[in-house]
Amino acid sequence: VDKRTRFEQLYRAHAGAVRAYAVRRAPSEAVADDTVSDVFLVVWRRLDDVPGQPVPWLLAIARRSLANRRRSDRRAAALTDRLTSLRRPASTAPETGDRLLDALATLPEPDRELLMLVAWEGLEPSEIAELLGVRPGTVAVRLHRARGRLAAALSRHDSTEAAPQEARS
Amino acid sequence: MTDDLIEQLRDRNPAPAQLPPPPIDQVLARIAAGERPTASRWHGWVVPSLAVIVTAAVAVFAVASIGGSRHTDQAAHHHTVTSTHPKPLVAKSLAGEAMHGSLRTSVLAFGPGGTGVIAWTQYRTPGAAHPAAWLATTTDEGRTWSVHRRSYSLYASPVFDGSRNAWTSAVDAHGALRFFSSHDGGRNWTPTQSAGATEGATGSLSVADDTVWAVGTGSCTAGVCPWVVMRGPASGDQLPATANQPLPTTNHNGLTVSAASATTAYVSSPTRLGSDIYITHDGGRSWETIGAGCGDGRTTVEATVTGAALWRVCNRGHNFEVLRTTNGGDSWDEARLPFVLGDTFEPVTAQVAWAAAADGTIYRTANGGASWQPVFRTGGPHGRSTPGVGPVLSAKNSDDASILVQLRDGPHSTNLIVYRTTDGGRFWPPTVVKLPRG
């Protein structure tokens with residue numbers, strides 16, 4: 001199989017999964033598409049390094065690509081804001097109207113990412129370990145803590161919601 | 001409890017299934033262009049950011065000197081767009097795709113049904129006595145291009161009708177500049193019979209309702225050439241003069257025509273003698289003029305009609321202004337340009353226009369010129385089509401525009417890349433036009 005054919009096979013098999021991953025994390029579908037494009041540029045350059053089970057490896061590239069884009073967006077925004085003296089509201093997680101998603105949004109990024117990889121990407125702890133570059137045991141411990149923090153965040157969210165209603169009654 | 005939370009979270013997956021990926025062609029084009037992923041394109045980001053700073057500084061100055069909230073909004077707009085999707089172009093070597101000699105590249109247009117045309121002339125070909133003329137055509141919206149050697153050299157971007165007819169100005173095999181027509185989507189061209197000779201300028205031709213309008217020059221006497229307005233069916237090969245001619249005999253050059261229909265057309269003249277936009281509503285039998293709008297001492301470079309609006313570019317020396325009227329010329333609004341206008345100004349509706357700035361940046365307005373957003377940067381002098389000249393811009397409608405960029409990565413290596421957006425300038429997937437080895 002020549003390089004081009006192998007590349008196209010990989011693209012057909014996994015580009016959809018990479019795009020789904022990116023759509024869940026990117027600010028827009030256009031950025032998600034750019035991320036897919038970035039991931040497969042790397043694939044083309046490192047075709048010999050693609051592992052037998054490529055999804056965690058591909059998602060790790062997508063994760064780095066999105067992080068780079070967020071950094072560059074923040075720096076560009078900060079520079080422009082300073083010059084134009086525009087004031088933006090402090091960055092706050094958008095409220096979705098869904099208590100679970102709102103609670104998820106309040107978690108630290110590592111916790112949030114871990115839970116999303118389990119729930120939305122459907123990855124096993126061993127695959128997450130490969131993606132994050134840590135040992136499987138570490139993933140299990142972090143995941144346990146993240147679940148606990150999500151439950152706590154949900155309780156806080158529910159009690160905050162309930163308080164104004166009690167005050168009114 | 002916590003496992004239950006994971007299950008609940010699973011039910012809230014915003015993208016529960018695999019999504020269709022973007023077309024692989026976009027990735028292959030980036031590979032062919034030698035692009036690197038975003039992670040290593042950080043340095044490409046810094047330059048646009050500095051450009052944003054300059055633009056923002058201009059906006060701040062406008063706020064300070066004029067006041068009002070509109071300009072603050074404009075600055076915010078600049079930020080929003082430029083921080084989302086600038087596509088800085090980084091010149092890269094394309095191994096095996098180099099063409100020797102220098103290219104003159106100014107022809108790019110997309111027609112209906114996926115057709116498109118690029119043309120270039122290759123100078124200083126090793127061992128060749130004359131420049132070589134090349135044409136690249138596509139039938140799949142620019143995803144793939146086939147390259148053809150031709151005996152004639154297209155000189156201006158073609159105009160298409162609603163089918164496969166197209167018109168342009170080209171240098172024929174004997175070196176004469178003539179109107180050419182194509183009836184196969186731009187792949188093959190033949191010279192036409194016309195009442196006047198073309199100057200070759202962009203704007204010499206315009207098509208509406210299957211009718212082609214043209215401006216050119218008649219027989220010259222003592223260096224003074226009469227202007228001729230012509231009109232004919234786009235599917236034909238002849239351009240007869242209209243029944244009456246609107247223009248005084250003049251030795252000024254640079255007339256343009258903009259067709260609104262088979263019977264209505266606008267002709268602009270750069271002459272300072274009286275009014276300088278002429279209109280016909282009866283196919284050229286009678287003409288009237290629009291009152292001057294360019295201001296004292298300024299002349300019209302071109303006038304373009306886009307449905308409910310007439311756009312006009314004025315100049316005095318090297319300063320350009322863009323004006324717009326929506327009431328037939330009774331009053332004109334000035335479009336405030338936060339950049340120096342370059343070669344191309346392409347209004348496509350009453351509200352939307354695309355423009356190439358002198359520094360190679362492409363701008364777009366969606367509010368009749370009240371504010372402009374930079375939507376594409378060529379990334380420096382390597383992205384210029386010729387030294388000192390911006391990239392070639394061709395706009396088809398509000399969402400669809402394309403840019404032809406000539407990349408030089410050495411004295412003997414040149415490549416062409418077409419960037420095309422179909423979403424109003426947010427995303428510009430590139431396609432490399434593979435040049436034959438010269």
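Housekeeping first. Residues are numbered from 1 along each chain as its sequence is written, while chains are lettered from A and ligands numbered from 1 in the order in which they are written. Because the model is predicted, local features need pLDDT of at least 70 and side-chain atom pairs pLDDT 80 or more, whereas totals for chains, interfaces and linings use all residues; side-chain values use heavy atoms, with hydrogens and water left out.

Now the rings. Over all chains there are 13 aromatic pairs. The rule: rings of Phe, Tyr and Trp (for Trp, the six-membered ring) pair if their centres lie within 6.5 Å; planes under 30 degrees apart are stacked, over 60 edge-to-face, the rest tilted.

Take Phe7(A) and Trp44(A). They are edge-to-face, 5.4 Å centre to centre, with 90 degrees between the planes. What does this pair tie together? Phe7(A) is in helix α1 (residues 3–25) and Trp44(A) in helix α2 (residues 29–45) of chain A, so parts 37 residues apart in sequence are tied together. Helices here are DSSP runs of H or I, at least four residues; strands are runs of E, at least two; both are numbered from the N terminus. Phe7(A) is buried, at 0% relative accessibility. Trp44(A) is partly exposed, at 22%. Buried means under 20% relative accessible area, exposed over 50%, partly exposed in between, with a 1.4 Å probe and protein chains only.

Over to chain B. Phe339(B) and Tyr363(B) are stacked, 4.0 Å centre to centre and 15 degrees between the planes. Phe339(B) sits in the loop between β22 (333–335) and β23 (341–347), Tyr363(B) in strand β25 (residues 362–365), 24 residues apart. Both residues are buried. Ring pairs also join them with Trp311(B), Phe345(B) and Trp372(B) in a cluster.

Next, charges over rings. The test is NZ of Lys or CZ of Arg within 6 Å of the ring centre and within 35 degrees of the ring normal. Arg312(B) has its charged end over Trp332(B), 4.7 Å from the ring centre. Arg420(B) lies over the face of Phe110(B), at 3.8 Å.

Last, the sheet. In chain B, four strands run in the order β23-β24-β25-β26, open and antiparallel. Strands pair if DSSP finds at least two bridges between them. Which strands stand at the edges? β23 and β26 (373–376) do; each has a single partner strand, so one side of each lacks a neighbour in the sheet. Inside, β24 (residues 353–357) and β25(B) pair over four bridges. In one of the bridges, Ala353(B) partners Thr365(B).
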